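Subject: Structure handover

Hello,

Please find the structure below. My notes on it follow.

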Amino acid sequence: MTTVTDQATRQETAASSAQVPPAIELRGISKAFGPVQANKNISIKVARGSIHGIVGENGAGKSTLMSILYGFYKADAGEVYINGKRTDIPDSLAAIRAGIGMVFQHFKLVENFTVLENVILGAEDSALLGPSRRRARGVLKQLASDFELEVEPDALIEELSVGHQQRVEILKALYREADILILDEPTGVLTPSEADHLFRILRGLKEQGKTIILITHKLREIMDVTDEVSVMRRGEMVATRKTADTSPTELAELMVGRKVLLRVEKTKAQPGDEVLRVEGLRLVDAQGVERLRKIGFNLRAGEILGIAGVAGNGQSELLEVLAGLREAEGKAWLRGAPLPLSGPECNGQARRAARIAHVPEDRHRRGLVLPFHAWENTALGYHNDPRYNPSPWRMDGAAIVADTAAKMERFDVRPPNPQLPAEGFSGGNQQKIVLAREIEYGPDLLLVGQPTRGVDIGAIEFIHQRLIQLRDAGAAILLVSVELDEILSLSDRILVMFDGRIMGERMADATDAKELGLMMAGMTET
Amino acid sequence: MSSKRIPNWADVTLVPLVSVVLAFIISAILIWAIGESPWAAVKMMVDGAFGSSYGWGYTLYYATNFMFTGLAVAVAFQARLFNIGGEGQAALGGLGVALVLLYLPWPHWTLALLGASVGAALFGALWALIPGYLQAKRGSHIVITTIMFNFIAASFLNYMLVNFLRPVGSQDPSSPRFPDATSLPKLHEILGLFGIPFSKVPPVNISLLIAVGLCFAVWWMLWRTRLGYQIRALGESEPAAQYAGISPARITIIVMLISGGLAGLMALNNVMGEQERLVLNAVEGAGFIGIAVALMGRNHPFGVFLAAILFGFLYQGGAELALWTGIPRELIVVIQALVILFTGALDNMVRIPIAKLFSLRRAG
């Protein structure tokens with residue numbers, strides 16, 4: 001703790017002395033997309049040699065602000081000062097020249113190039129690659145020893161773990177001599193130990209005088225690693241605090257603008273009969289990689305079974321197999337009757353007929369047809385419902401619209417307009433449309449993937465309550481989420497997946513994030 | 001995102017309209033550049049296509065062809081299948097019509113029309129079924145296979161005409177004339193029933209009403225039935241369709257059957273209605289024009305209806321222009337090409353400025 005306060009004071013003196021201007025200063029930045037004001041008159045100072053966190057709900061304008069700083073968008077108004085000097089950033093090349101490096105949430109790496117090739121890509125010294133490669137090799141070696149940024153320079157990107165790929169992104173920025181590093185949701189894809197390593201790297205970079213902007217929605221990370229934190233809400237910068245002087249509760253309130261419950265209130269589960277049993281589930285993908293390795297578990301009525309794991313360890317495949325979207329080997333039973341995992345009876349319609357509902361992980365790709373009206377999306381998957389089809393030919397649009405309007409009201413979808421295309425709703429409201437469709441169908445088994453990804457805090461609360469209600473009504477719920485907090489607060493029982501295997505099972509009230517984190521990282525039970 | 005900011009009415013009317021106007025402006029410059037008067041040319045085209053019931057008759061005859069082939073492309077595109085094979089499917093439709101009319105006895109044209117419709121739609125649909133099946137089950141790209149099937153259709157038709165349908169002793173690779181009882185009523189006869197005079201020369205016939213009816217039927221199918229819902233869902237998002245339990249393979253095959261059937265039905269107009277026998281290359285490129293018509297009509301049946309009439313006008317007006325002025329026939333093709341270029345390929349060139357205008361108006 002002493003070091004943190006040390007740094008805070010050092011920084012304070014740095015900021016107060018007029019000789020050292022802030023690394024980044026934004027003055028009155030505004031940006032609108034059509035009628036949507038994404039950034040409203042934003043001013044912020046980021047002290048040199050500090051780690052500055054930016055938090056806010058999805059859609060608060062964090063990414064827009066950083067995109068302006070990196071030259072992807074042009075601000076409608078406002079000025080950018082880098083090290084006290086007014087700087088125009090029309091494109092990302094200008095941003096790089098101004099010493100800004102960006103690590104995107106979705107890496108921008110060439111998968112079948114080596115680390116070295118990715119690092120020099122776009123920064124080659126000459127037409128011949130030899131000299132650049134030799135120079136880069138030396139620089140990488142230096143950076144590796146300075147900042148714990150070890151990566152094998154000749155490894156192909158596709159062979160690296162996600163954590164290592166992220167290091168390559170950081171190396172790319174440092175190779176371009178970035179002084180200011182922006183990281184957008186860097187820990188979303190990392191295991192807890194990889195995240196810890198990342199934070200050590202960031203602290204090391206800070207020691208060397210680099211300035212770091214960390215965009216995240218995870219308050220714990222903000223508390224752990226930042227010196228200062230700014231909170232955005234609906235396009236506005238609502239507060240900037242010294243991290244040492246604030247608390248997660250205060251930050252959460254600032255983000256939402258009112259008090260929120262971070263824990264879900266629920267009673268103890270009353271599990272009933274077994275609804276789903278799975279044995280020896282195995283899936284090999286088109287590339288011959290084994291995605292699910294002989295998975296077995298059971299799920300009972302009235303309980304929420306959470307599947308924890310870092311993204312990409314087989315949870316998505318498990319959901320898709322159970323939802324009938326992919327074929328797999330193995331056996332499954334639904335209420336004692338065999339559930340086909342391959343063949344013509346393995347499809348979305350058959351699953352719905354068996355009272356299995358599915359809230360898919362990717363609502364933009366699967367859960368919704370974005371250009372369709374909300375009412376058309378309400379019929380998605382239930383287009384054969386006799387209520388919607390009064391005759392063998394005609395679909396009763398009016399009946400679906402009326403049904404949608406009622407569902408929208410019960411799920412507080414805003415705006416409650418069934419005629420609006422799905423893409424016109426915010427993330428949280430889109431998710432409510434999907435949930436209303438799947439929950440109100442009254443399933444025996446609900447498969448839910450990432451129920452609150454890209455959903456603002458207000459809607460998260462609502463969605464969690466609805467899931468608990470469904471559980472209490474006697475449905476079995478299989479919950480897949482990469483948010484450990486969500487798994488911990490919603491589930492009654494937790495399975496941890498790693499590399500296509502189930503690493504272990506815990507009761508939610510008898511475990512914690514640390515233990516699950518170790519299991520998610522592949523540490524076997526001891 | 002910018003395309004989404006245009007109101008729907010502007011998307012379907014204003015954007016194509018501006019595109020067409022731009023194409024005409026460039027055409028006018030071209031005509032002026034070769035020393036002819038653009039104004040006289042426009043007057044000649046409009047007079048030729050719409051100035052008399054004779055002109056109207058030809059314009060509508062061509063438009064009928066384009067409605068059939070345009071609908072075929074539009075339906076397939078709703079499922080994001082690009083059916084380039086309208087030409088071959090329409091040719092096979094012609095074969096279906098010829099076989100039905102030549103080898104079965106028909107007492108009256110109404111029954112003959114019914115039988116010929118079945119033959120035309122069936123042959124066209126079956127010709128589209130093979131590429132559809134290959135796409136659905138084997139992943140062979142529909143664009144490639146339907147293009148190839150156009151060539152196969154042409155050769156196949158050639159073979160059938162020369163070896164089977166050609167009357168003994170004839171040097172002309174065409175079928176015998178269909179029986180008189182199968183002759184379809186022309187538009188002037190239909191309008192005559194209501195006492196409206198109309199030129200007897202142009203070949204426009206009762207298939208025009210069938211084509212217009214099909215525009216409505218296709219719209220109803222796409223937006224009012226479960227099948228249409230599934231087709232559009234598959235077109236907008238295959239993963240979402242799969243999630244909903246809609247089988248992409250099944251819908252792909254059904255859509256291609258419908259599309260091929262619509263293209264095949266064109267034979268009612270040109271083979272049964274006009275030539276009254278099957279000749280080589282009866283389709284004359286209408287299958288390809290259908291692509292432009294669907295593109296311009298935004299793959300909406302009502303858009304196809306309007307675009308088909310526009311292209312009918314270009315065909316008929318262009319023919320008049322070539323006949324009566326010093327403007328070479330090739331320039332007519334250039335004008336048609338410009339319309340296709342502007343409404344199809346350069347769509348965004350028009351759309352983005354219009355979208356900006358709308359957002360400015362909203363802001364201001």
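In chain A, helix H10 (residues 315–322) has seven of its eight residues buried, so it is largely enclosed by the rest of the structure. A residue is buried if 20 or more other C-beta atoms lie within 10 Å of its own, exposed if 12 or fewer, and partly exposed in between, with C-beta atoms placed from the backbone. Helices (H or I, at least four residues) and strands (E, at least two) are DSSP runs, numbered from the N terminus.

This is a predicted model, in which local features need pLDDT of at least 70 and side-chain atom pairs count only at pLDDT 80 or more, while totals for chains, interfaces and linings use all residues. Residues are numbered from 1 along each chain as its sequence is written, and chains are lettered from A and ligands numbered from 1 in the order in which they are written.

The buried residues of H10(A) are A:Gln315, A:Glu317, A:Leu318, A:Leu319, A:Glu320, A:Val321 and A:Leu322. They pack against six strands of chain A: S11 (274–284), S12 (290–300), S13 (304–308), S17 (445–449), S18 (476–480) and S19 (493–498). Contact here means that the C-beta atoms of two residues, placed from the backbone, lie within 7 Å. Just after H10(A), A:Gly324 has a positive phi of about 80°.

H10(A) lies across S11 and S12 of chain A and runs at about 60° to S12(A). Axes are lines fitted to C-alpha atoms, for helices over the stretch in contact, and angles run from 0 to 180 degrees between N-to-C directions. S11(A) and S12(A) pair in the antiparallel sense over seven bridges; two strands pair if DSSP finds at least two bridges between them. A:Leu283 stands opposite A:Leu292 in S12(A). Both strands belong to an open sheet of four strands in chain A, with the order S12-S11-S14-S15 and antiparallel pairing. Its edge strands, each pairing on one side only, are S12 and S15 (337–338) of chain A.

**Domains of chain A**

Chain A is assigned domain 1 (1–99 + 179–190 + 203–260), domain 2 (106–178), domain 3 (266–355 + 445–452 + 474–526) and domain 4 (359–441). Such bounds come from an automatic or database domain assignment. The C-alpha centres of domain 3 and domain 4 of chain A lie 26 Å apart, and 12 residues of domain 3 of chain A are in contact with nine residues of domain 4 of chain A. On the domain 3 side, the elements giving two or more residues are H10, helix H11 (348–353) and S17 of chain A. S17(A) gives the most, with four residues.

**Chain B**

The assignment for chain B gives domain 1 (1–36 + 326–364) and domain 2 (37–325). The contact between them involves 17 residues of domain 1 of chain B and 15 residues of domain 2 of chain B. Helix H1 (8–33) and helix H14 (329–345) of chain B each give two or more residues to the domain 1 side, and H14(B) gives the most, with eight residues.

**Contact between the chains**

The contact takes 17 residues from chain B and 22 residues from chain A. On the chain B side, helix H9 (226–236) and helix H10 (238–243) of chain B are the elements that give two or more residues. The largest share, five residues, comes from H9(B).

Regards
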